[in-house]
Amino acid sequence: MAQAIVELKGVGKSFRSADGTARSVLEGVDFRLAEGEIVALLGQSGSGKSTLLRILAGLIGVDAGDVRYRGQPLFGPARGISMVFQSFALFPWLTVQQNVELGLEARGVAPAERSRRAEAAIDLIGLAGFEGALPRELSGGMRQRVGIARALVVEPEVLLMDEAFSALDVLTGERLREDILDLWTTRTMPTKAILVVSHNIEEAVLMADRVLIFASDPGRVRFQLAVQLPRPRDPDSAEVRELVDEVYALMTVGTARAGRPTEEPAPLHLAERLPEADVGRMEGLLDMLAEEAFGGRADLPKLAEETELTDQELLPVTQALTLLGLTQLADGDLHLTPLGRRYVEGAHTLRQEIFGQQLLAHVPLAAHIRHSLEQEPTGELAEEPFLRLLSESLDAAEAERVLRTAIEWGRYGEVYEYNYNTGLIHLPEGQADGDEAAL
């Protein structure tokens, strides 16, 4: 077994919620990054992947467990670890050369040596000739190359990449990923290990020697898959497609109640995350599944291709549909349930009725909002109490997103309405003043 560069044992991390209570982000995380390997980390938004990366970089500490770099406790930024961010994070008033030199300057490297090493890194990443350019004069792909050059110029043992290609268009991201892999396989770059956080399943399979799948609330390693294919890997080969299918299957195990009877999807907890899925996409996916070409069943990679949705967009939609009992996830395939078939074949009013019934049955937050409105003489309430409730277990931004999702779903299912001018949630017209007629 190759020597570990970075190792985590039993790591836990919590942050304070708005009301001061601790919210666990990571719990019991065991992780080992060894020399000579690329590891990809996949998981839903909010699962703690970026927090883990920042712990590995020494940017934040842990509340529990042990973090070691080369066998020594890690209490701050390690000189041998660099990070590439999704947002480029360049200083707009500095040239390419100056941006790349920053890390060396912070380490007290002499100007002549800084210049030499920065020029070498810029040339290595394919930007020779652009040393004097400002970030605004570069394309997105070129700006990300500057970020990578800045990370590589300090000759790190470990390169951490946090969604490094996701802000780029597909072709630019693929080209940059291939260039990084070429530098890795030819041993042109000094880096001995790479950890890639991604939402792109195919990207993970094409790059990594191991794929780790993170669970949420709190974040922890749920599955691990070895990828033993030689590089370069053909994305259209049977071996790669089989692994992509396997990762999709692992990503959906235990999410959205996969594998349970389709008639009885298990409900969430009251303040649990809702999948980030809008109703339009949910209906579009159901309609596509019902088409003759699919016959009520499709594997997720095929759906991603047909819908042109990213994995980050597709998986929450499938989880939402399965949560509502309209589909079932099994082994990476999405199946239309009998209720889902009835939904697709129904008129708009029937669709709304089914959606509302399933929402109240399987999303406790929606049921709680509806019940609270029914107990209120005016049939309306401000959104703030529900935000405070969610903030007990979610951060402020995620609490806001979850409530927005619940409101959108509830409006479509005619469970309640929302006034965007006043911020008030209220019963649908004709259902106030104690009218609790069944939906």
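This section describes helix packing, salt bridges and a charged surface patch in a predicted model.

Helix α1 spans residues 49-56 and includes Thr 51. With a relative accessibility of 14%, Thr 51 falls under the 20% limit and therefore counts as buried. Beyond its neighbours within four places in sequence, Thr 51 makes contact with Lys 13, Phe 15, Val 25, Leu 26 and Ile 60. Helix α2, which covers residues 96-106, contributes Val 96, Gln 97, Asn 99, Val 100, Glu 101 and Leu 104 as buried residues. An α-helix has 3.6 residues a turn, so residues three or four places apart point the same way. The buried residues of α2 pack against α3 (111-124) and α4 (140-152). Gly 108, which follows α2, has a positive phi, near 80°.

Salt bridges in the structure number 24. In one of them, the side chains of Glu 313 and Arg 281 meet at 3.6 Å, N to O. Glu 313 belongs to helix α10 (residues 311-323) and Arg 281 to helix α8 (residues 279-290), so this pair ties together parts that are 32 residues apart in sequence. Glu 313 is partly exposed, at 27% relative accessibility, and Arg 281 is also partly exposed, with a relative accessible area of 34%.

A salt bridge between the side chains of Arg 297 and Asp 333 has an N to O distance of 2.9 Å. This pair links distant parts of the chain, with Arg 297 in strand β11 (residues 297-299) and Asp 333 in strand β13 (residues 333-336), 36 residues apart. Asp 333 has a relative accessible area of 14% and is buried.

The side chains of Arg 404 and Glu 383 likewise form a salt bridge, at 2.7 Å, N to O. Here Arg 404 lies in helix α15 (residues 396-412), whereas Glu 383 lies in the loop between β14 (380-382) and α14 (384-391), 21 residues apart. Arg 404 is partly exposed, with a relative accessible area of 26%, while Glu 383 is buried, at 12% relative accessibility.

On the surface, a patch of negative charge is formed by Asp 234, Asp 236, Glu 239, Glu 242, Asp 245, Glu 246 and Glu 305. Helix α7 (residues 238-252) supplies the largest share of this patch, 4 residues. Asp 245 is located in helix α7 and, at 30% relative accessibility, counts as partly exposed.

Key. Residues are numbered from 1 along each chain as its sequence is written. This is a predicted model: local features need pLDDT of at least 70, side-chain atom pairs count only at pLDDT 80 or more; totals for chains, interfaces and linings use all residues. Side-chain values use heavy atoms; hydrogens and water are left out. Patches are made of residues with over 30% relative accessible area and no salt bridge: like charges are joined within 9 Å, nonpolar side chains (Val, Leu, Ile, Met, Phe, Trp, Tyr) within 5 Å. Accessible areas come from the Shrake-Rupley method with a 1.4 Å probe; for residues, only the protein chains shown count as cover. A salt bridge is a side-chain nitrogen of Lys or Arg within 4 Å of a carboxyl oxygen of Asp or Glu. Lys and Arg count as positive and Asp and Glu as negative; His and the chain ends are not counted. The place of a charge is taken as NZ of Lys, CZ of Arg, CG of Asp or CD of Glu. Helices (H or I, at least four residues) and strands (E, at least two) are DSSP runs, numbered from the N terminus. Buried means under 20% relative accessible area, exposed over 50%, partly exposed in between (1.4 Å probe, protein chains only). Contact means heavy atoms within 4.5 Å.
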